[in-house]
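Here's a quick briefing to read alongside the model. Take a look at the sequence and the 3D view, then work through the points below.

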There are 2 protein chains.
Amino acid sequence: MPALTSRRVLLKSRPVGLPKPSDFQVVDEPVPAPKDGELLCRTIYLSLDPYMRGRISGVKSYAKGVDPGDMMVGGTVSEVLESRHPDFKPGDVVQSSHGWQTHAVASGTSVRKLDPKLAPISTALGVLGMPGMTAYVGLLDIGQPKAGETVVVSAASGAVGAVVGQLAKLKGCRAVGIAGSKEKCDYVVGGLGFDACVNYKTESLVPALTAACPKGVDVYFENVGGEVLDAVVQLLNPFSRIPLCGLISQYNATGPVSGPSWRALLTNRVLVKGFIVSDHLDRMPAFLADCTAWVRDGKLRFREDIVDGLENAPTAFIGLLQGKNFGKLLVRVGADPTRR
Amino acid sequence: MPALTSRRVLLKSRPVGLPKPSDFQVVDEPVPAPKDGELLCRTIYLSLDPYMRGRISGVKSYAKGVDPGDMMVGGTVSEVLESRHPDFKPGDVVQSSHGWQTHAVASGTSVRKLDPKLAPISTALGVLGMPGMTAYVGLLDIGQPKAGETVVVSAASGAVGAVVGQLAKLKGCRAVGIAGSKEKCDYVVGGLGFDACVNYKTESLVPALTAACPKGVDVYFENVGGEVLDAVVQLLNPFSRIPLCGLISQYNATGPVSGPSWRALLTNRVLVKGFIVSDHLDRMPAFLADCTAWVRDGKLRFREDIVDGLENAPTAFIGLLQGKNFGKLLVRVGADPTRR
């Protein structure tokens, strides 16, 4: 096989505030031949997720950051082109974290083989991947929803939020979303089966949430922070729980950010728990068993927002941070052989 | 027995900001004779505690509030003067919640008999009472300290904080206090055995705490909020826990109060749990067994700040909200027959 080139997106400079396209750089670099135990892979889908803003921020966090000159990190679904590992053969589809590039050489032990008959392969980056598992662990293990309770989730039409609300419904709860457009809210209620959805851009949050949550809030799955958090905190019931998953509204902040007073957390004996899905990999078998069945049976629906071409990843990522995507944001880096 | 009069302190008007002596009113009212099953009690000690500021605020909370015209609520230690309950006789000492008054008639089922031989009776309002149990439940059940970890507690010389740090030491942790004067800090380290204490009034909090906590903070027992909370949040370790017990710095706030950004809670996967000791009464036997033995053995020390005379309760309570007390604040309402 002739030497291949991988097209890659590197971080060029640390963004200040909202990233700009010029903070990224596209380069072509040679890909080495796979050694024993390795695979040569072609990227089909690249996942774009809010956590990436943290990785490029230069602030010490739970995972190694991306420095200027480094390739952007990210989850991927790929086709195996060449295998020197006994468990894989060309044409296999695998899920991994190959980052923002068209080709990669990876150890066979670092990837997970997908069965395209079980579910569309792109779902391994969404409803049946890291975002879905984030929803599963955060809502079920931390939120501990009980039938009849009210679950509120922000960024409700996003990859995580959409699963949170549907799992809440499966557990017999009232599910209330918060999203940023009429189209998103209509989809959350009509398409996903939430009981209500508040448009944070056009509605006054506290009265709208009060109307949507007549019995208060028992679980608030937090993805956004800011004014939305300030509002929901006012509606918390005694002994409510807040799985703290993300704070996308403040990821681009350039100055100090404050949060709500903790008074309501005290008087209502609230639990707040920050979590990162990678700390909970022991839950993956249960998550995959439950959610694969629910997707198959149509009980867990999903929507994808697919952008074509690796070169468009920076712009799509910037849009994600502004809430411009509608559904799980993916970049189709190369053709999907399972879809026609 | 001739009809008795009880001197009582009522809330006269809702305080705005820090309460003033004129927000309270002293009255003398007749005490009815005890009926079958009841006791006539004479108050010896009245406990003054920060939670009382919430009760008089008019804001809906976890417990019924005190309205203008109502007697102030509070924990008490009393002597039984007359008993119409078979389990009690005159001269018995009981712990109850008779409020800010000199005499009370109470059901025999609403009080707990104390054994003056086990510990000074005043400790039933402090180290062996609600404040001690608050420390016990919050630190051990929510904070889950492990040997070698660092436990930080604010209001460290107070009734709760003093117990938190000593329990942390008993569990093999590094105990770091935060208090508001050199005398308090000296007592916390020299008298109670904490490893360090930061004076929040004279030291720059983040560098002082960084020096006192070279391995970061694993458990932060929160009593105060405000700038102290903002500082400690910057030092939290991954998977740290915050038992949220009180926010005394903001109880007198007259405008909106904000808290720290939740970013550090997310990236460090922090647990925050608001709690109220009365939700955890199932833990009282374990608390009393453990802490009574530790007090007896000198492993759990305590300091009391005793003010004489019920009429002085309002001023003492106002001082408590300003951090003027030094140790567990009590009002000696009547003579203590067990002390000479």
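Predicted model: local features only at pLDDT ≥ 70, side-chain atom pairs only at ≥ 80, totals over all residues.

Residues are numbered from 1 along each chain as its sequence is written, while chains are lettered from A and ligands numbered from 1 in the order in which they are written.

**Where the chains meet**

- The contact takes 27 residues from chain A and 27 residues from chain B, with two residues in contact if their C-beta atoms, placed from the backbone, lie within 7 Å.
- 100% of the interface residues of chain B are also interface residues in chain A, so the copies meet through the same surface.
- Strand S13 (residues 258-260) of chain A runs antiparallel to S13(B), and 3 bridges join them; strands (E, at least two residues) and helices (H or I, at least four) are DSSP runs numbered from the N terminus, and two strands pair if DSSP finds at least two bridges between them.
- In that pairing, Ser258(A) stands opposite Pro260(B).

**Two domains in chain A**

- Domain 1 covers 4-126 + 302-332 and domain 2 covers 130-279, with bounds that come from an automatic or database domain assignment.
- The centres of these two domains of chain A, taken over C-alpha atoms, are separated by 28 Å.
- 16 residues of domain 1 of chain A are in contact with 16 residues of domain 2 of chain A.

**Strand S16 of chain A**

- How many residues of strand S16 (residues 328-332) of chain A are buried? It's 5 of its 5, where buried means 20 or more other C-beta atoms within 10 Å of a residue's own, exposed means 12 or fewer, partly exposed is in between, and C-beta atoms are placed from the backbone.
- Lys328(A), Leu330(A) and Arg332(A) point one way from S16(A), and Leu329(A) and Val331(A) point the other way.
- Strand S3 (residues 38-47) of chain A is joined to S16(A) by 3 antiparallel bridges, with Tyr45(A) partnering Arg332(A).
- Strand S15 (residues 304-308) of chain A pairs with S16(A) in the parallel sense over 5 bridges, and Asp305(A) has Leu329(A) as its bridge partner.
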